[in-house]
Amino acid sequence: MNTLHFGDNLQVLRDHISDESVDLIYLDPPFNSNATYNLLFEESTGQTSGAQIEAFRDTWEWGESAADAYEDVMRAAGDAALVMKGLKSWLGQNAMMAYLAMMTARLLHLKRVLKPTGSLYLHCDPKASHYLKVILDAVFGHEGFRNEIVWARSRNPKGSQHGNRRYSPNTDSILYYAKDSGTHLDLDSIRRSLTDTEMAEKYNRSDELGSFMDGPILRSASMGPRPNLVYEYKGFTPGPAGWRVNETELKAIDRRGDLAWSKSGAPRRKWRPSEDRGMPVGSLWEDIPPINSQARERLGYPTQKPLTLLERIIKASSKEGDVVLDPFCGCGTTVEAAESLKRQWIGIDVTHYAVTLIEARMEATHPSAEYKIEGRPVDLAGARDLARRDKHQFQWWAAWRVGAQSYREEKRGADRGIDGNIFFKNGPYGDGRIIISVKGGEKVGVEMVRDLRGVIEREEAEMGVLVTLANPTKPMKKEALDAGTVRRSAHGRMPRLQIVTAADLLEGRLPALPPLPVPERHPIRAPRRRHRDQLELLLPFPGEKVAPDKAVVVDPRFVSVA
Ligand SMILES: C[S@@+](CC[C@H](N)C(=O)[O-])C[C@H]1O[C@@H](n2cnc3c(N)ncnc32)[C@H](O)[C@@H]1O
């Protein structure tokens, strides 16, 4: 069954993906694309940051997760451990080493889950491709290496941004490895059709049947003798290398008017545009443009890759019904391409935002696609586990369960107490706003409610919802009641501040909310950046869809208006 996993891919691979079960893996791990090369090698002690939020932010630091990943690789022993040991003694503990340790731990698992006939494509940039190639050689063996594909991801190299110290980097590397020599690769399925101009240049001669390209019909001497292809036709007998086709085929070619005779009496072949099979694809991919700002497929996901890139890889390296895995699936380009090409698929992403985006993408492009989502909390234990593992993801999940239309991520600086927003139409009062604040700790206190009251005032929002993991205390409930009702409401009496617990949300007890706008069907919306350290991620649809009859209002003073 097609599956979208919400979670850290290392954990998902360990717990859910069995040995030799996948035909094709494409991975496009985040990399510190904005960091300068030298910065990646500076020593850093790092914090005990969850790898997840760091990863989404596209930075790596040497910290607990990197050290754990390194230990995992050492325990697995083998060539990968040797390579990592060498790299660590040379590179030390820095962002690059953290990235490589995390990647190696995952690559070992990816090799494990790949079928013997499977292949892996690792998309990376030239800052790390050389290290990753060494690591992949260690994981797959030197004989596993097939190609380093160079994708020209930008056609407009920048001019002077690097002070003329180097060429503008406008290519990515895609390292292609196969598990064994029998690996499937169908290059015919990805031949590139020629453009009109290329066709006109190639088929530049014409006769009464139309345009054609002149080509040989005789094998060259260097191709070696072929006695069975040496026969006489219309008084002409070739040398020992023979004709290029057997006699029956030659006659058919002649009947179609595609055999020509030069002035010196030598036979030639006329190739017609209708016979063109396109250009074979080599390891330089310049014909796949990046997603531009106007592209229909653009979802605004910062690292989104073009569908055509994934379609090429999937067509070449898998067959219908095969299983395609993308362990860093982002906004789901691989998932959509695999679904369109009738492959089975598994996507993994560590951010809840990516998972909701993929759901909306599939709803828009393949509404009848069948798949399940794993890793979202379905009970309190799951919610608690998520909160423990990753505070941000818990906040985003909880805000989504309430119905948030946007997540607010604030990484550094003062916590402004906003984890999500819901916007609604407030009749004559214009647009209304509900602020969601989430507390994933086991301890809660009245100051949290006071803080949210303050945030509602400061932001001039209509309402606020505090989501807690732990049960609210009496003083908290009282403080929420004291906040009163929405001052200017087009929807009757609405509580200004409500508290719901994760358990409430899981059991379908939702806060009282005004009617929300009908979600747009097409999910295209770009994330907004409010200020330097704040990323506002717009959800493609407002929160979780809860059947109205399932939604029970938490605060008994108000009737549901959902
Ligand atoms: C470069 S993006 C992939 C973009 C994707 N190819 C697309 O076209 O949308 C990398 C993704 O990996 C995810 N990620 C980072 N660390 C992860 C981890 N440990 N497990 C699963 N996903 C992770 C990030 O959340 C991000 O969405």
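**Entry 1. Starting point**

Leaving aside neighbours within four places in sequence, with which residues is Tyr99 in contact? I looked this up and found Phe31, Trp60 and Ala128 as the contacts of Tyr99; two residues are in contact if their C-beta atoms, placed from the backbone, lie within 7 Å.

I note that this is a predicted model, in which local features need pLDDT of at least 70, side-chain atom pairs count only at pLDDT 80 or more, and totals for chains, interfaces and linings use all residues. I number residues from 1 along each chain as its sequence is written.

**Entry 2. The chain as a whole**

I recorded 16 helices and 22 strands in the chain. Helices (H or I, at least four residues) and strands (E, at least two) are DSSP runs, numbered from the N terminus. Of the 562 residues, 39% count as buried. A residue is buried if 20 or more other C-beta atoms lie within 10 Å of its own, exposed if 12 or fewer, and partly exposed in between, with C-beta atoms placed from the backbone. I also looked at contacts between residues at least 6 apart in sequence: 69% of them join residues at least 24 apart.

**Entry 3. The core**

I turned to the largest nonpolar core, which has 119 residues. Such a core is a set of buried Ala, Val, Leu, Ile, Met, Phe, Trp, Tyr and Cys residues joined through C-beta atoms within 7 Å. Tyr99, Ala101, Ile135, Ile436 and Val467 are the residues with the most contacts inside this core. Helix 5 (residues 95-113) gives the most to the core, with 14 residues. The core draws at least three residues from each of domain 1 (3-37 + 113-189 + 282-374) and domain 3 (381-553); these bounds come from an automatic or database domain assignment. In soluble globular proteins, nonpolar side chains tend to be buried together.

**Entry 4. Leu505**

I located Leu505 in helix 16 (residues 502-506). Leu505 counts as buried, with 24 C-beta neighbours inside 10 Å. Leaving aside neighbours within four places in sequence, I found Leu505 in contact with Ala398, Arg401, Val402, Val467 and Val500. Leu505 and Val467 are 38 residues apart along the chain, and their C-alpha atoms are separated by 8.8 Å.

**Entry 5. Helix 14**

I checked helix 14 (residues 446-459): its 14 residues reach 20 Å from first C-alpha to last, close to the 20 Å expected at 1.5 Å a residue. The expected span is 1.5 Å times one less than the number of residues. Which residues of helix 14 are buried? I list Met448, Val449, Leu452 and Ile456 as buried. They cover an arc of only 100 degrees around the axis, and therefore lie on the same side of helix 14; the arc is that of the directions from the helix axis to the C-beta atoms. An α-helix has 3.6 residues a turn, so residues three or four places apart point the same way.

The face turned away from the buried side carries the exposed residues Glu447, Gly454, Glu457 and Arg458. Among the elements that cover the buried residues of helix 14 are strand 16 (431-439), strand 17 (463-468), helix 15 (474-482) and strand 18 (497-501). Just after helix 14, Glu460 takes a positive phi of about 55 degrees.

**Entry 6. Helix 11**

Helix 11 (residues 352-365) is largely enclosed by the rest of the structure, because 11 of its 14 residues are buried. I noted among them His352, Glu359 and Arg361.

**Entry 7. Sheet and hairpin**

I traced an open sheet of nine strands in the order 10-4-5-3-2-11-12-1-13, with mixed pairing. Strand 10 (284-285) and strand 13 (372-374) stand at the edges, each with a single partner strand, so one side of each has no neighbour in the sheet. Two strands pair if DSSP finds at least two bridges between them. Strand 3 (residues 114-124) pairs with strand 5 (residues 171-178) in the antiparallel sense over six bridges, and Ser173 in strand 5 is the bridge partner of Cys124.

Elsewhere I followed strand 9 (residues 267-271), which pairs with strand 7 (residues 210-216) in the antiparallel sense over four bridges. Strand 8 (residues 259-261) runs antiparallel to strand 9, joined by three bridges. Strands 8 and 9 form a hairpin with five residues between them, and Gly265 in the turn has a positive phi of about 90 degrees.

**Entry 8. Two loop residues**

Ala77 has a positive phi of about 55 degrees although it is not a glycine. I placed Ala77 in the loop between helix 3 (64-76) and helix 4 (78-91). Lys342, likewise not a glycine, has a positive phi of about 60 degrees. Lys342 counts as exposed, with 10 C-beta neighbours inside 10 Å.
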